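User: Please take a close look at the ligand site in this model. Start with the overall fold, then go through what surrounds the ligand.

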Amino acid sequence: MKVFIAGIDGYLGWALAQYLAARGHKVAGNDMFYRRQWVEEVGSHSAIPVYSLPERLAAFRARFGTDILFREGDLLDYTFLKSFLADFQPDAIVHFAEMPSAPYSMIDQAHAAFTQHNNVIGSLNVLWAIKEACPQAHLIKLGTMGEYGTPNVDIPEGFFEVEFRGRKDVLPFPRQAGSFYHWSKVHDSNNTMFACRIWGLRATDIMQGVVFGTRIDEMGEDPILRSRLDFDQCFGTAVNRFCCQAVIGHPLTLYGRGGQTRGFLPLRDSMQCLTITIENPPKAGEYRVFNQFEECYTVEELAYLVQEVGSEIGLNVEIHHYDNPRTEQDKHYYNPDRNHLINLGYQPTHDVRAEVRIMLQDLLQHKARIMEKEDILVPDIRWDGSRRRSFIIDEQRVAPQS
Ligand SMILES: NC(=O)c1ccc[n+]([C@@H]2O[C@H](COP(=O)([O-])OP(=O)(O)OC[C@H]3O[C@@H](n4cnc5c(N)ncnc54)[C@H](O)[C@@H]3O)[C@@H](O)[C@H]2O)c1
């Protein structure tokens, strides 16, 4: 199939290009290199070195024997986007090209406005460009499990049956997002659902959990083919951040009691799920929602797992609880469905321990790079708009005995 990846230079985009090429798909994509700039803006850099795009494209050609059709350009430039899609005529469009950080969107008014403008208008442009340039193409839109928030009931995949005053209907499940970034994804979901209804587009809205991992097998041993991996408070997701902290001997920064439960999945599972989705498109006019994660864990469970695996390879990992800079529930009910992808053949990895071991070993090679940025590991972006460094509320050296 011909697959267009919006945001191909990012953490997931660069890995997906390789996963698809290894399976015979033809890949094109765009990027504006914003992620590189945002990480620099917040004072950090990727733990794994990120090579220039020409170097990446050359390494890709050498490994897969095929080229990526790449054009530098912004999704907010509608003329650029529409003509690229018209030229390439993709079967599927995977849309990653958004600002993906909750804390970044909460820094101040300018960052909140930038996030919603970039994400909502960029996604709206993708919908219009598909309608005008390739209306049969399947849009795979990256949303997040964070759109649902943490309701005190089970979470279905997008829709649920409701009975109200004696009448029944199947309606979108309520969204209760927890940051201006997460709300941008909710707005995208509404626009995507509407475009499918009025224009007959076909789309899969992926409610993805938190991804972690330093590699997929398709990357081989070439360092140029590795995806980036961030560990700062904005762009470092939980397990990625913990592993970077573990290798330099910095205490893992758990926010609050660490009882926040989320769906997580290794990078290799994310690639498997996205490929299954691409290869099994919905029918014209259909808008479907997939919850995409391997398993639910509390953040504390994952911190202990990093600690245990770290000690197996000789690392002394401490865990500290910090006052939570975010406004979120520390302990809550969480039971989301994830049947659609399983029904299409997704086989969850389940071996999170093995994945964390690979990550720690990969990241040990970049210990010096992570240490250079040690001073940015404790968060200071607060949901009330202030900047105040989090303080330790509890020191816990080892896991409590169960
Ligand atoms: N990584 C995760 O754990 C995770 C979890 C759930 C959802 N997601 C979603 O998946 C998508 C990809 O995530 P990621 O971790 O690869 O993020 P990323 O920031 O590494 O990748 C996004 C890429 O899109 C580019 N981009 C952003 N806005 C653009 C624009 N207007 N025009 C052109 N390029 C633009 C960036 O430069 C970046 O390279 C995001 O939408 C994110 O919200 C990610």
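Analyst: The protein in this predicted model has 13 helices and 15 strands. Its radius of gyration is 20 Å, close to the 21 Å that the globule rule gives for 402 residues, so the protein is as compact as a globular protein of that length. Along the principal axes, the C-alpha atoms fill a box of roughly 65 × 55 × 40 Å. Buried residues account for 58% of the 402. Take the contacts between residues at least 6 apart in sequence: 81% of them join residues at least 24 apart. The protein exposes about 16300 Å², and 51% of that comes from carbon and sulfur atoms.

A polar backbone atom of Leu12 is 2.8 Å from an oxygen atom of the ligand. For Phe96, a polar backbone atom is 3.3 Å from a ligand oxygen. At Met32 the ligand atom is a nitrogen, and a backbone N or O atom lies 3.4 Å from it. On its own, the ligand has 810 Å² of accessible area, and the protein covers 97% of this.

Which elements give two or more residues to the shell?

Two backbone details elsewhere in the model deserve a check. Gln89 is not a glycine, yet has a positive phi of about 50°. Gln89 sits in the loop between α4 (78-88) and β4 (92-95). Its relative accessible area is 36%, which makes Gln89 partly exposed. His350 is the other case: again not a glycine, with a positive phi of about 65°. The loop that holds His350 runs between α11 (339-343) and α12 (352-364). At 46% relative accessibility, His350 also counts as partly exposed.

How values were computed:
Residues numbered from 1 in each chain as written. Predicted model: local features only at pLDDT ≥ 70, side-chain atom pairs only at ≥ 80, totals over all residues. Heavy atoms only, no water. Polar contact = N/O pair within 3.5 Å; in protein donor to acceptor, adjacent residues only side chain to side chain. Areas by Shrake-Rupley, 256 points an atom, 1.4 Å probe, with all protein chains shown as cover. Helix = DSSP H or I, 4+ residues; strand = E, 2+ residues; numbered from the N terminus. Rg over C-alpha atoms; globule rule 2.2 N^0.38 Å. Buried < 20%, exposed > 50% of the residue type's maximum accessible area, 1.4 Å probe, protein only. Contact = heavy atoms within 4.5 Å.
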